[in-house]
Amino acid sequence: METALRPGIRGEMTHLVEARHLASEVGSGLVSVFSTAMMIAAMEATAVESVQGLLAPGETTVGVHVDVAHKAATPLGMQVRFTSELLEVSPNGKGLTFRVEAWDEAGIIGEGLHRRVVVDKEKFESRTRAKADGAKAPGTGAK
């Protein structure tokens, strides 16, 4: 099967740092700067968006690994630009490795690698629901 997923696919998005993105607001610290958690979420979203339109109907990607350095703080109200580049597609076409970066108006604030896997969305969600149902079943030790 021929796939449209090839190294070199790029994504980009921007957003303004709002109060809801601050470490002090999301519980990842006490300082009022752009949180690492929100930076990583935006990096992931950039990678997702870059390939979603190239997947078969019913497919999506799920994140499986993040290795990112948060290098500089960004204050409330500053614009951040996120980029992704697909570096590698596994031989089976399901594993995707991205280089991700984040830049504020003063320079680079974060960079690293992010891995995603192509899945059938309904099958994936069905297995997750079954897991939740099994955890609630009597005699499983779940409360």
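S35 is found in the loop between α1 (23-26) and α2, where helices (H or I, at least four residues) and strands (E, at least two) are DSSP runs numbered from the N terminus. The model is a predicted one, in which local features need pLDDT of at least 70 and side-chain atom pairs count only at pLDDT 80 or more, while totals for chains, interfaces and linings use all residues. Residues are numbered from 1 along each chain as its sequence is written, and side-chain values use heavy atoms, with hydrogens and water left out.

With a relative accessibility of 0%, S35 counts as buried, a word that here stands for under 20% relative accessible area, with exposed meaning over 50% and partly exposed what lies in between (1.4 Å probe, protein chains only). Contact means heavy atoms within 4.5 Å, and, not counting residues up to four places away in sequence, S35 touches H21, L22, A23, V26, S28 and H70.

The loop between α1 and α2 also holds F34, which is buried at 1% relative accessibility. Rings of Phe, Tyr and Trp (its six-membered ring) pair if their centres lie within 6.5 Å, and planes under 30 degrees apart count as stacked, over 60 as edge-to-face and the rest as tilted. By this rule the count comes to 1 aromatic pair. The ring centres of F34 and F82 are 6.2 Å apart and their planes stand at 50°, so the pair is tilted. This pair links distant parts of the chain, since F82 lies in strand β3, 48 residues from F34; F82 is itself buried, with a relative accessible area of 0%.

What order do the strands take in the sheet? The 5 strands form an open sheet in the order β1-β3-β4-β5-β2, with antiparallel pairing, and two strands pair if DSSP finds at least two bridges between them. The edges are held by β1 (10-16) and β2 (59-70), each with a single partner strand, so one side of each is left without a neighbour in the sheet. Neighbouring strands are turned by 25° against each other on average, direction ignored; axes are lines fitted to C-alpha atoms, for helices over the stretch in contact, and angles run from 0 to 180 degrees between N-to-C directions.

Strand β4 (residues 95-104) is joined to β5 (residues 107-120) by 10 bridges, and a hairpin connects β4 to β5 through 2 residues. Across this pairing, F98 has H114 as its bridge partner in β5, while R99 stands opposite L113. On β5 there is also the antiparallel pairing with β2, made by 11 bridges, in which T61 has V118 as its bridge partner.

Helix α2 (residues 36-52) packs on the sheet, touching β1, β2, β3 (79-89), β4 and β5, and its direction makes about 140° with that of β2. Helix α3 (residues 121-136) also packs on the sheet, touching β2 and β5, with its direction at about 90° to that of β5. A132 has its place in helix α3 and, at 32% relative accessibility, counts as partly exposed.

A nonpolar core is a set of buried Ala, Val, Leu, Ile, Met, Phe, Trp, Tyr and Cys residues joined through side-chain atoms within 4.5 Å. The largest such core has 21 residues, and those with the most contacts inside it are L5, F82 and L96. Two or more residues come from each of α2, β3, β4 and β5, and α2 gives the most, with 5 residues.
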